[in-house]
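Q: I have a model open and want to learn how to read its features. Where do we start?

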Amino acid sequence: MHLNPYGEDAVRLAADLANRRPADAGELSDRCRGAGLTVEGPVTPDDLDRVGAALDAWEKVVDATADHERAALVNAMLASAAAYPRMTNHVGTGWHLHYRDEDQPLGAVVSSLISVGTALHLAGRGMHRLGRCAVTECTTIFADTSRTGRQRYCSQRCANRDAVRRHRARGVPSTG
Ligand SMILES: [Zn+2]
Ligand SMILES: [Zn+2]
């Protein structure tokens with residue numbers, strides 16, 4: 001699998017897993033495969049724990065309000081999860097970069113992918129392009145890969161919901 005080198009696929013996977021945490025090792029495996037990861041070897045509860053810890057750290061990155069704080073948290077994740085990058089053609093479908101040693105369990109693979117992917121995404125597109133939905137009762141995390149970089153909601157549904165609410169708050173009868 002060759003994830004998007006600008007980190008987009010990795011932050012999407014992180015957001016997906018953080019928004020709805022996998023219940024067991026089997027679900028973790030299925031969802032990583034669904035995101036295009038090559039899953040080698042058995043996936044165990046240890047992998048689930050490792051990914052859970054990475055997602056806890058990642059949510060702190062999401063909720064960081066200052067750029068330097070956000071960068072420091074990503075750097076801490078990189079230090080614990082990633083090794084030096086190396087080129088590999090392990091699936092035989094093309095040479096690509098890995099950010100870890102060969103033959104690591106899925107938990108280690110996902111933690112390094114999340115940290116490197118987030119670093120690439122923020123450095124490449126902008127430090128602010130990670131956040132939670134602006135609808136107060138919606139805590140869904142999104143990675144902003146829009147052209148303008150001004151995404152505020154997790155979905156069109158939440159954007160509409162907020163528009164209707166603001167409309168009502170102005171005392172104008174809503175048609176929606
Ligand atoms: Zn690979
Ligand atoms: Zn939302």
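A: Start with the definition of the elements. Helices (H or I, at least four residues) and strands (E, at least two) are DSSP runs, numbered from the N terminus. By that rule, Cys 158 sits in helix α6, residues 156-169. This is a predicted model: local features need pLDDT of at least 70, side-chain atom pairs count only at pLDDT 80 or more, and totals for chains, interfaces and linings use all residues. Residues are numbered from 1 along each chain as its sequence is written, while chains are lettered from A and ligands numbered from 1 in the order in which they are written.

Q: How many helices and strands does the protein have?

A: The protein has 6 helices and 4 strands. Along the sequence they follow the pattern α-α-α-α-β-β-α-β-β-α. The C-alpha atoms fill a box of roughly 60 × 35 × 30 Å, taken along the principal axes.

Q: Is Cys 158 buried, exposed or partly exposed?

A: Count C-beta atoms, placed from the backbone: a residue is buried with 20 or more others within 10 Å of its own, exposed with 12 or fewer, and partly exposed in between. Cys 158 is partly exposed, because 18 other C-beta atoms lie within 10 Å. Arg 150, in the loop between β4 and α6, counts as exposed because it has 9 C-beta neighbours inside 10 Å. Of the 176 residues of the protein, 29% count as buried.

Q: Which residues is Cys 158 in contact with, leaving aside its neighbours within four places in sequence?

A: Two residues are in contact if their C-beta atoms, placed from the backbone, lie within 7 Å. For Cys 158 the partners are Cys 133, Val 135, Cys 138 and Tyr 153.

Q: What does UniProt list for residues 129-170?

A: An unreviewed UniProt entry lists "domain: Zinc finger CGNR" there. UniProt positions are given in the numbering used here, feature names are shortened, and annotations may be inferred rather than shown by experiment. Over residues 129-170 the chain is 33% helix and 14% strand, with the end C-alpha atoms 30 Å apart.

Q: How is the span of a helix judged?

A: The expected span is 1.5 Å times one less than the number of residues. Helix α3 (residues 45-63) has 19 residues and reaches 27 Å from first C-alpha to last, close to the 27 Å expected. Helix α6 has 14 residues and reaches 20 Å, close to the 20 Å expected.

Q: Which residues of α3 are buried, and why are they on the same side?

A: An α-helix has 3.6 residues a turn, so residues three or four places apart point the same way. In α3 the buried residues are Asp 47, Leu 48, Arg 50, Val 51, Ala 54, Leu 55, Trp 58, Val 61 and Val 62. They cover an arc of only 160° around the axis, so they lie on the same side of α3. The arc is that of the directions from the helix axis to the C-beta atoms. The face turned away carries the exposed residues Pro 45, Asp 49 and Asp 56. Among the elements covering the buried residues of α3 are α1 (8-19), α4 (67-81) and β3 (130-132).

Q: What is the count of buried residues in α6?

A: The count is 0 among its 14 residues, and α6 is hardly covered. Gly 171 follows α6, with a positive phi near 80°.
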